[in-house]
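Open the model in your viewer and keep the selection tool at hand. The tour goes from one selection to the next and says what is there.

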Amino acid sequence: IVWQTPANPDYIFRNGRYVRPYYFEFISHVKNRWAGKTIVDLFTEEFKGRPYEYYVHAVKCGRLQVDEQTVPADYIVKSSQKISHFLHRHEPPVLGGNILILQNEVDVVTVCKPASVPVHPCGQYRKNTVVGILQAEHGLTPLFPVHRLDRLVSGLLIFAKSADRAECFRQQIEANLLQKEYVAKVVGVFPDGEQTVDANVNFNAREGRSTVESGKQACTKFQRIFTDGNHSIVLCKPVTGRTHQIRVHLKHIGYPIANDELYLSFGIDPMCTNCPNLAPVGYDEEALWLHCVRYTGPDWSYECPYPDWA
């Protein structure tokens with residue numbers, strides 16, 4: 001076995017985009033609160049995706065090492081030691097197939113991101129990301145994301161091709177010189193005329209959702225584009241950039257995104273085996289009806305086509 005992550009992943013398309021499983025070395029250093037635990041107990045408690053028996057076997061066969069040395073299962077780790085986990089990585093599939101390149105300029109590339117594809121490596125995703133796919137399939141590297149979209153959100157993504165261009169974008173963002181536009185499909189007949197929502201947004205990382213209680217100042221402007229009497233297509237212009245800002249602001253005024261399970265109201269049944277989780281066991285992921293269509297700066301503007309549902 002060669003413990004080496006492939007530079008160019010092998011993508012497989014089967015009702016979505018998969019990455020052929022590959023070997024990967026996960027490296028971390030022992031935190032103070034981990035010190036004093038056995039290597040097996042540490043991984044069992046902190047990395048709950050695998051059972052205790054797996055970690056015992058991983059230590060015995062050398063897939064779990066401390067300071068690049070094989071250790072016994074009852075080895076007590078010390079603060080700041082290097083721990084390595086050589087694992088066979090199975091990344092979750094993503095819904096999106098191809099990533100459409102909209103413009104490929106000297107120092108900027110813009111793409112239309114499919115829903116469910118994360119922008120950059122995070123969590124269980126490493127190769128099945130926009131950055132990873134653009135590198136593997138188009139040779140675009142290095143790339144510097146100018147902004148980010150939630151994994152389930154689709155639409156325009158802007159990447160700088162150099163650190164200098166990325167720094168220019170960063171300065172414009174900090175100076176609040178950028179204008180952002182999204183479209184969303186919401187529940188109900190959205191009011192006519194521009195609606196401005198000034199409500200603080202507080203993101204709870206543990207729960208993975210935001211509320212409008214005692215958070216950071218946030219403002220979003222909304223304008224109805226169309227309604228069929230049951231749903232409305234709404235143009236969303238976030239003035240600030242808080243996590244889930246558009247989603248939580250729409251819920252706050254009573255017009256949540258029509259398929260946003262995270263922010264749609266639901267009841268909890270104490271006898272239910274799925275509660276308090278939103279999705280049932282075996283639930284197939286659905287693209288969120290929220291799409292980035294336009295970013296505009298002082299001397300530039302990039303656009304993305306509207307999605308089919310809009």
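Predicted model: local features only at pLDDT ≥ 70, side-chain atom pairs only at ≥ 80, totals over all residues.

How many residues of domain 2 are in contact with how many residues of domain 3? 22 residues of domain 2 are in contact with 17 residues of domain 3, where contact means heavy atoms within 4.5 Å.

Residues are numbered from 1 along each chain as its sequence is written, and side-chain values use heavy atoms, with hydrogens and water left out.

**Stop 1: the domains**

Colour residues 22-89 as domain 1, 93-175 as domain 2 and 179-303 as domain 3. These bounds come from an automatic or database domain assignment.

**Stop 2: between domain 2 and domain 3**

Show domain 2 and domain 3 together. The size of an interface is often given as the accessible area lost when the parts come together. Domain 2 and domain 3 bury about 1,600 Å² between them, and 59% of that is on carbon and sulfur atoms. Buried area here is the accessible area (1.4 Å probe) that two parts lose on being put together, summed over both.

Next, select D150 and R247. Their closest N and O atoms are 3.4 Å apart, and the two residues form a salt bridge. The term stands for a side-chain nitrogen of Lys or Arg within 4 Å of a carboxyl oxygen of Asp or Glu. The count between domain 2 and domain 3 is one salt bridge.

Which elements give two or more residues to the side of domain 2 that touches domain 3? They are β7 (100-104), β8 (108-113), β10 (154-160) and α4 (163-174). Helices (H or I, at least four residues) and strands (E, at least two) are DSSP runs, numbered from the N terminus. β10 gives the most, with four residues.

**Stop 3: helix α3**

Select residues 130-138, which form helix α3. V130, V131, G132, I133 and L134 are buried there. Buried means under 20% relative accessible area, exposed over 50%, and partly exposed in between (1.4 Å probe, protein chains only). What covers the buried residues of α3 includes β1 (11-13), β2 (17-19), β7, β8 and β10. After α3 comes G139, whose phi is positive, near 65°.

**Stop 4**

The structure holds 11 salt bridges. For one of them, select R17 and E137, whose side chains meet at 2.8 Å, N to O. R17 lies in strand β2 and E137 in helix α3, so the pair ties together parts that are 120 residues apart in sequence. R17 counts as buried because its relative accessibility is 0%. E137 counts as partly exposed, at 35%.

Now select D107 and R165, which meet in a salt bridge of 3.2 Å, N to O. D107 is in the loop between β7 and β8 and R165 in helix α4, 58 residues apart. D107 is partly exposed, with a relative accessible area of 28%, whereas R165 is buried, with 17%.

**Stop 5: R294**

Go to strand β17 (residues 290-296) and pick R294. The side chains of E181 and R294 meet in a salt bridge of 2.4 Å, N to O. E181 is in strand β11 (residues 179-187), 113 residues away from R294 in strand β17. Both E181 and R294 are buried. The side chain of R294 also makes a polar contact with the side chain of E303, at 3.1 Å. Leaving out residues up to four places away in sequence, R294 touches several residues, including L156, Q179 and Y302.

**Stop 6: H231**

Last, select H231 in strand β16 (residues 231-238). Is H231 buried or partly exposed? H231 is partly exposed, because its relative accessible area is 27%. The C-alpha atoms of H231 and G188 are separated by 4.8 Å, and the two residues are 43 residues apart along the chain. Apart from neighbours within four places in sequence, H231 is in contact with K185, V186, V187, G188, F226 and A258.

How values were computed. Polar contact = N/O pair within 3.5 Å; in protein donor to acceptor, adjacent residues only side chain to side chain.
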